[in-house]
Amino acid sequence: MKLVLYDYYRSSASYRVRIALNLKGVEYERVPVNLLESAQKSEEYRARNPQGFVPMLEADGERLTQSLAIIDWLDTRFPEPPLLPADRAHVLALALTIAADIHPLNNLRVLKQLSGLGIDEAAREDWYRHWVREGFDALEALAAPRAGRFLFGDSVTLADICLVPQMYNARRFEVDLAPYPTLVRADAAAAALEPFAAAHPDRVAPSGTRS
Ligand SMILES: N[C@@H](CCC(=O)N[C@@H](CS)C(=O)NCC(=O)O)C(=O)O
């Protein structure tokens, strides 16, 4: 099967899908879509993905969008290792706390809209940190009682796949992570694994890009 991932190295939704592809051990090609040059808005790209977002995965010509839907498809198609264990509802709740409740508020288009409304860079960064902190406060409380080496138990799940890119973003925006020991511990354990490390923006950035 030929898999082609349309992504951007710093897109955290794309980073999730790269991690999942690596965990599944499947080969894929990457087609970079430069968000800073608004390539996701081009007619050519929107003809393939009307939402104008990355990631998008083409699987033998079939187009899949939405990172969690793509990962669910991968998990069904390539069952090992399973990314949603028996306690599916809890793991989904952890993942969605990030993917549905933190990430969309801090998306590029939202930050651009704030800028268009005359909100300056310092205030936009406060906005960004606010939503990360609010989400992480909840995630720490939700995850801590059942966390193990990872966010849920001792095997990697979809929750870690969402956590690691969000922690990368949190560090870029200098969010204080001291109040989140469970998140910091799970992030360190997951990020050290090669499938996660190989998906890191610094490992996939176009050559010559500064981080
Ligand atoms: N819910 C979508 C979100 C995708 C998304 O927000 N992608 C961002 C990059 S992380 C994007 O393409 N942004 C383009 C824009 O804001 O114009 C998913 O999980 O795939």
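Which element gives the most to the lining of the largest pocket? That's H5, with five residues. Keep in mind that this is a predicted model, where local features need pLDDT of at least 70, side-chain atom pairs count only at pLDDT 80 or more, and totals for chains, interfaces and linings use all residues. Residues are numbered from 1 along each chain as its sequence is written, and side-chain values use heavy atoms, with hydrogens and water left out. Helices (H or I, at least four residues) and strands (E, at least two) are DSSP runs, numbered from the N terminus.

**Pockets**

- Rolling a probe the size of a water molecule over the atoms shows where empty space is left.
- A pocket here is worked out on a 1 Å grid over the protein atoms alone: it's an open set of points where a 1.4 Å probe fits, with protein on both sides within 12 Å along at least five of seven lines. Lining residues have an atom within 4 Å of a point.
- Grid points are joined across faces, edges and corners, and a volume is the space filled by probe spheres set on the points.
- The largest pocket holds about 1,000 Å³ of space. It has 38 lining residues, and the closest to its centre are Leu-35, His-103, Asn-106, Asn-107 and Leu-108.
- Helix H1 (12-24), helix H3 (67-77), helix H5 (108-116), H6 and H7 are the elements that give two or more residues to that lining.
- By residue type, the lining of the largest pocket splits into 15 nonpolar, 14 polar and nine charged. The classes work like this: Ala, Val, Leu, Ile, Met, Phe, Trp, Tyr, Cys and Pro are nonpolar, Asp, Glu, Lys and Arg are charged, and the others, Gly among them, are polar.
- For the second largest pocket, the volume is about 150 Å³. Its lining includes Asp-7, Tyr-8, Tyr-9 and Arg-30, along with Val-204, Ala-205, Pro-206 and Thr-209.

**Aromatic pairs**

- A pair of aromatic rings is described by the distance of the centres and the angle of the planes.
- Searching the whole structure turns up seven aromatic pairs. Rings of Phe, Tyr and Trp (its six-membered ring) pair if their centres lie within 6.5 Å; planes under 30 degrees apart are stacked, over 60 edge-to-face, and the rest tilted.
- Trp-127 and Trp-131 form an edge-to-face pair, because their ring centres are 5.6 Å apart and their planes sit at 75°. The two are four residues apart in helix H6 (residues 121-143), so about one helical turn separates them.
- Trp-127 is partly exposed, at a relative accessible area of 28%. On this scale, buried means under 20% relative accessible area, exposed means over 50%, and partly exposed is in between (1.4 Å probe, protein chains only).
- Tyr-128 and Phe-173 are stacked, since their ring centres are 3.6 Å apart and their planes are at 5°. Tyr-128 is in helix H6 while Phe-173 is in the loop between helix H7 (158-172) and helix H8 (181-191), so this pair ties together parts 45 residues apart in sequence.
- Both Tyr-128 and Phe-173 are buried.

- With strand S2 (residues 29-32), S1 pairs in the parallel sense over four bridges, and Tyr-6 stands opposite Val-31. Two strands pair if DSSP finds at least two bridges between them.
- S1, H1 and S2 make a right-handed β-α-β unit: with the strands pointing away from the viewer, the path from the first strand over the helix to the second runs clockwise.

- Most residues other than glycine have a negative phi, and most peptide bonds are trans.
- The Val-54 to Pro-55 peptide bond is cis, with omega near 5°, and Pro-55 sits in the loop between helix H2 (43-48) and S3.
- Glu-80 and Pro-81 are also joined by a cis peptide bond, with omega about -15°.
- Ser-38 isn't a glycine, yet has a positive phi of about 60°; its place is in the loop between S2 and H2.
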